[in-house]
Each structure stands twice: as C-alpha cells, then as structure tokens.
Amino acid sequence: MKYMVELHNIKKSFGDNHVLRGVDLDIMQGEVVVILGPSGSGKTTLLRTINFLDPADEGTVSVGGSTVDSQHHTKGQMLELRRKTAMVFQNYNLFANKTILQNVMEGLVTVKKVPKDHAMEISKQILDKVGLSDKYDFYPSSLSGGQQQRAGIARALILDPDVILFDEPTSALDPELVGEVLTTIKNVAATGITMIIVTHEIAFAKEVASRVVFMEGGVIVEQGKPDEILVHPKELRTRQFLSRITGEHLGEGEEESQ
Amino acid sequence: MDFQFIAHAFPEICKAIPITLLMTFASAFFGWLLGLIVAMVRRSKVPVLSQIFAVLVSFNRSVPSIILLYIAYYVVPAAIYFYAKSIGKEIDVSVIPAVIYSIAALTLNQAAYASEIFRTSIDAVGEGQVEAALSVGMTKTQAMFRIIFPQALATAIPNLSGLFIGLIKDTSLGYYVGVYEITSTANIISMPTLNFIEAYIMTTIIYELLSFLFNRLFGAEEKHLTRFRARVTA
Amino acid sequence: MGITYDFASIPGLIVRILNALPVTLIILFSSLAISLGIGALVAAGSMGQKKGLQGFCRGWIAFMRGVPTLVMIFLLYLGLPQLLDPIGIHMSQWNKLFFIITTLSLTASANMAEMIRTSYLAVDKGQREAALSVGMTNSMAFKRIVFPQAFGIAIPMLGNNMVALFKETSLAFTIGILDILGRARSISSMSYGANKLEVYIASAIIYWIICVLIEQGTKALERSYTKGRKRATA
C-alpha cells in the first residue's frame, strides 16, 4: 500500500452549493498534512467525507488499503473506514453522560471489544500523557475547553487509528488555552501517526506540518512543504489568503527577483 | 364533620388504591414503551407508518380522556369478540374486567404524549454527540443506546413526571366506565349518606399524597440522571 | 353480541352536537380568563419577597396540580353547598355553570402560573436593566419591554394550556351541563341508548378538529409575533 490515505475525485454539493469540486489527495504514512483555507473552501467538508460523517456525492476514499466508493457503499464498508480513523472535533464532543475515563474507554470497550480492565489501564496511561491524570472521574461539563479537547485527543489516540482527523481543534478555545492543546497535538505528531489537520493556526502549521494544502472554492489551489507554501506561495489566491490571516505582506516571489 | 363516616369510609377508599396504581403503572409502562417506538419511527421518517402515527398521536392528544375511555369501553370488547370469532373461539366478553378497557385507552393516550416528549428530548441531544460516537466507530444503534438515550432521558424526566401525575388524575374517570378506583369508591360510599364533604376531602388528600410521593421519586431520579450536567452555582 | 353500529349517522350527529358548542365556549373562555388572572397573582406571589406568600403560592400550584379535576368538581358541586347551607348560602340554586367555571379556573390557574413564571424568568435580566438605564420607570419597562418578550415566549405554552383547558371542559357533563359531551350523551339517551359509540366518536371528532384549530391558531400567532425577528423571544 503506497499511501495511507487516498482521496480521488471527491465531489460534494449541498443543494446548489458545490462545496467540493473534484478533490484528489494522497497522503503517506506518518505525514502531518495541514489544510488551510477561507471559510466555505470545503476543507472541513473534505475532512468529514473521509470518515463518512458527510459522505461525498462522488469519488473514492481509501484508508489503510480499504477503498470505499462514496456513491455505492455498504454500511459495513463505512463502519470499516470509521474504525480505521478517529476524529477530534472543534467542539470536542466528549460524551456528556460519561466521565473522562469512560469517554476514552468507550471506543475500546464498545467497538474494539477490549476487556474492561485492560481498557481502563491503557486509558489511564493515555490520559496521563495528555496531562489529565487528576480528571479520570470528572464529567466533561466540569472541565475547561482545553482540558476537554485534550481528552478528545486522548479518545482519538487510544483507538490506534490509521489516521487522526482534526477539525479545527483550537477554534473554539479561549486564547490562553490554545497553547496546551497545540502542544498535545505536537506530541501526537511526534509519535509518527498519520494526521490531517484543518486549522487557522499558521504558526503551528509551520512547526508541525510535513505538508501544507491550501484549499479555496472547493479545490486544492496548491500544496507543498510548509516553507514553500507559507513563506513563498506560488498562487495569488494563496498569497491573498495568507496575507489576510497574518496581516503580513508575503514576498511576491517572481516580482521580487526582477 | 361526620367522623364516624370518615373512620368507616377511609379504609374503604384506600382499598381502591391498588387498582388505581395498577391502571397507572400498566398504562405508563405499555404507553411509554409504545411512545418510544412511535417516536423512533417518526424520527426515522418511515414512509406511511410515520404519517399514520402522526395522525394517531394528534387524535389521542386532542380528545379528552373521558371520551377515549368511553370509546374503548365499547370498541375493545367488540374487537376482542370479533377477533376471537375469526379464529373460531366464542368468548364471553362480559367476564373481562372493565379495567382492561381503561388501561387500553390510557395506554394509547400515554403513548401519544410520551412519543412527543421522547421526540423533543432525543432531538435536544446535540448532534455532536452522535458524530463523536460514530467517529469512534460505533454503529448507530450503539450510539443510540449508550450516548443518546441516557442524555435524552435526563431531559425527558421532568415532562414524564408531569405526564405520570396526569395519568394518576385521569384514572379518576374510571367511575364512568365501570372501574372501582379511588374516586368511584368515594362516590359510591358517600351517596347514600350524603357525606360528600368528608368523602371528597379524603379523596383529595389521597391523590395529593400520591402526587407528592411520585414527584419526589421522579425528582430523585432526575437528580441521578443529570449528575453529568454542570451544576449552576449562581 | 348483537349490536350493530351505524357509522353513517356520525356526520349528522356532529351537527346536532355542535348546537351545544356555545356552552362549551362560554365555559372555556370564562375559565381561561379567570385562571389567567389567578395565575398571574399566584405567579407574582411566588416570585415575591415575602416568604409566607411565596410558600403559599408554591403550595397552591402543587396542590392544584395534584388533584384530579373530577374530584375538584365533586368537592365544589356536592361538598361546598353542604358546607355553606348552615350559614344560609344555598348554592344548590346557583347556575351549574358557576361550579364548572370555578373548578376549571382553579385547577388551570396552576398551569397558568407556571407558564407566566417561566416566560417571565426567561426574559434576559439585561433587558429590564437597559430599559431602566434609558430612563423608563419600572412599570414602563415592564409594559414596553419585558411583557412583550415574555408573551412571545409564552405563546406555545399558552396554546398547550388552552388545549388542555378545552379538554377539561368535557367534564361539565358530570354535573348535568349540556356542553358538547353533555349534549352528545343526551342525544344518545333520547334514543334509548342506541348510538352510544357513535355519539362518542362524533364528540371525539369535534374535539379533535377544534384542538387542531387551536394549535394552528397558536402557530399563526407565533409566526406573526416573530415578524422581523429570529425567534419570538429576545
């Protein structure tokens, strides 16, 4: 299997709105791909087609060698994909009626049929790693946003997925809590797991991404190494977007050299 | 105030409490179960069945309980008789206790209201909860039972409590359809001697006690079910 | 079982029964108005400063919610006259409508009070503060800012309460009033109890249609109230 994640010709519309207009993306194992773009560009939708939360209208999704056609797929195929992926949500979406420990154990016990004792042990270990060792029996409603998101990351990590999908993991956080979550994500990246992150945090992307993808209007405009895209973007649209976000005027590559 | 009457009548009226409770628990049990099924069918938008249920729910919520009880009183025995005939058996429906017909009517009534309560409380559970459950690979069924229903139930309990108390009060109509529950008994006992005030004050007290008891029980259950919620401090 | 049913007679029965509609409406609107008045007082009392009054109002609401309407009817119709006879008030000569309207006003006042309380508390406190800060008096702030918003919030609850109250009027027949159900039963007894089931079905249809009308009216009111705003609330 050459690529861990392969997306071919992903198309999706909501009524008249063509959100994804035929996107192709191949991701190798261990890559950390950051997807940037303005709102409405389709980046979140693209992410959600991978685990079929919003199945694409057309196109194929492959994860870890299993290929599923968006148009003709069985429930079993969809479940298989969901069991190979894990997602971290913008609004954390921790199971409100379960404690932090139960949240992390839930996927192991219910889906992967891991025996409860073993599940509890490794769940505690992972919670320790994300710095929540004193919050096992707390309910999400009593945790801060940053703590909840770290728990959400633990819940995704523990499933040992082929790829973790991050949907704007820090967008809903108060500024002072963003740092702790970004640090946690960096640590996850260091384990070598394949990650796809949709985010606005450009500086973070520079630090952690192995590849940056810029999307706009439902297509991938350009992609490449962080240094290339973020510092010397080739496309005008990319440059416009980045300068709006960072407030900097990025080097106009060709013009400068004249 | 005729205390002799009270001393004699009170135990008699209390003897009717079990049948009131029987009507209540049976109707609530079957009704709420049926209501949950109706709610799920309507949410899944099953064609034809959803529409039929919508109409039946509307009917049962709009028609006063007394009329539903009367209709059941005539329709259910006839239905039982004709069904038995169709499979070759001749049943003497007059031996069936009238309470069965009342339970049938109240069950449908409860189902209609319960289905609405369940629909709104299930809808009230944030969509993110479902998505998170699916994202860790749960099937829809697993997500429903482990994550959605517990949270929906917590939201539904206050309304279910009100529905239950309303059901207890509806059983008082049993008098008109041949059920000797609390109110009928009070009526029958006080008629000959005209001790209405005594009888109905006692009856009121009994119902208030039942209402108080079940309010407490439901309140405690609500506290337990919502223990995952943030406690409002201010 | 030798009973035959003549369902074709139902539409005709509906027309005949509807002659009693004015009686039902009189009971409904009188009880509605009075219960709202009592409910407003009770709601205000339950949110006030005086602890004693607060306790009384909470108790009133709990009491009225726990007693079956039928029991209340008997208490007031059969019991109260007995109580007042010795002191010279001969209620047995009073119009029966008095009894049913009083009963329904009392029992409905609890739900009205809860509705008023809930909708009042749901209006953001900042609204009143903003009103005062531009120089309005308390009563102006209430009339122009708080009440309109509270009313918008209350509309769905008011619709539900109206439907419930309308259904409760069906118990007027128990004291011999010829409202919808009373008329239905008298039609049946005039033909020697021949079409019992048919008259009940006819009554059920009448109640059903009117309830649907009330619900539609409520939705229309909600819509017109939300003109230009996102919701009927703040």
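Let me start with one residue. T218(C) counts as buried, because its relative accessibility is 15% and buried means under 20%. Keep in mind that this is a predicted model. So where does T218(C) sit? Its place is in helix α9 of chain C. And what does T218(C) touch, once residues up to four places away in sequence are set aside? Three residues: I155(C), P156(C) and G159(C).

Now a second residue in chain C. M112(C) lies in helix α5, which covers residues 96–122. Is M112(C) buried or exposed? M112(C) has a relative accessible area of 1%, so it falls under the 20% cut-off and is buried. Its contacts, leaving aside neighbours within four places in sequence, are L32(C), S35(C), L36(C), G39(C), L158(C) and N161(C). Pick M112(C) and K219(C). They are 107 residues apart in sequence. In space, C-alpha to C-alpha, they are 19 Å apart.

Let's step back to chain C as a whole. How many helices and how many strands does it have? Nine helices and zero strands. Read along the sequence, the pattern is α-α-α-α-α-α-α-α-α. The C-alpha atoms fill a box of roughly 75 × 55 × 30 Å, taken along the principal axes. Chain C has 234 residues, and 44% of them are buried. Now look at contacts in chain C between residues at least 6 apart in sequence. Of these, 77% join residues at least 24 apart.

Next, the neighbours. Two pairs of chains touch, and the pair with the most contacts is B and C. What about chain A and chain C? No contact joins them. Their closest C-alpha atoms lie 23 Å apart.

So, on to chains B and C. How many residues does each side bring to the contact? Chain C gives 36 residues, and chain B gives 37. Between them the two chains bury about 3200 Å². Of that area, 72% is on carbon and sulfur atoms. How many salt bridges cross this interface? The rule finds zero. Polar contacts are another matter. Seven residue pairs are in polar contact between chain C and chain B, with both residues at pLDDT 80 or more.

Which elements of chain C give two or more residues to the side that touches chain B? They are α3 (51–66), α4 (69–84), α7 (138–168), α8 (180–190) and α9 (196–225). The largest share, ten residues, comes from α9(C).

Last topic: cysteines. How many disulfides are there over all chains? By this rule, the count comes to zero. C211(C) has a relative accessible area of 0%, so it is buried. C14(B) has a relative accessible area of 24%, so it is partly exposed. Where is the line drawn?

To recap. Chain C has nine helices and zero strands. Chain C meets chain B through 36 of its own residues, and α9(C) gives ten of them. Across that interface the rule finds zero salt bridges, while seven residue pairs are in polar contact.

Conventions. Residues numbered from 1 in each chain as written. Chains lettered and ligands numbered in written order. Predicted model: local features only at pLDDT ≥ 70, side-chain atom pairs only at ≥ 80, totals over all residues. Heavy atoms only, no water. Contact = heavy atoms within 4.5 Å. Buried area = accessible area lost by both parts, 1.4 Å probe. Salt bridge = Lys/Arg side-chain N within 4 Å of Asp/Glu carboxyl O. Polar contact = N/O pair within 3.5 Å; in protein donor to acceptor, adjacent residues only side chain to side chain. Helix = DSSP H or I, 4+ residues; strand = E, 2+ residues; numbered from the N terminus. Disulfide = S-S within 2.5 Å. Buried < 20%, exposed > 50% of the residue type's maximum accessible area, 1.4 Å probe, protein only.
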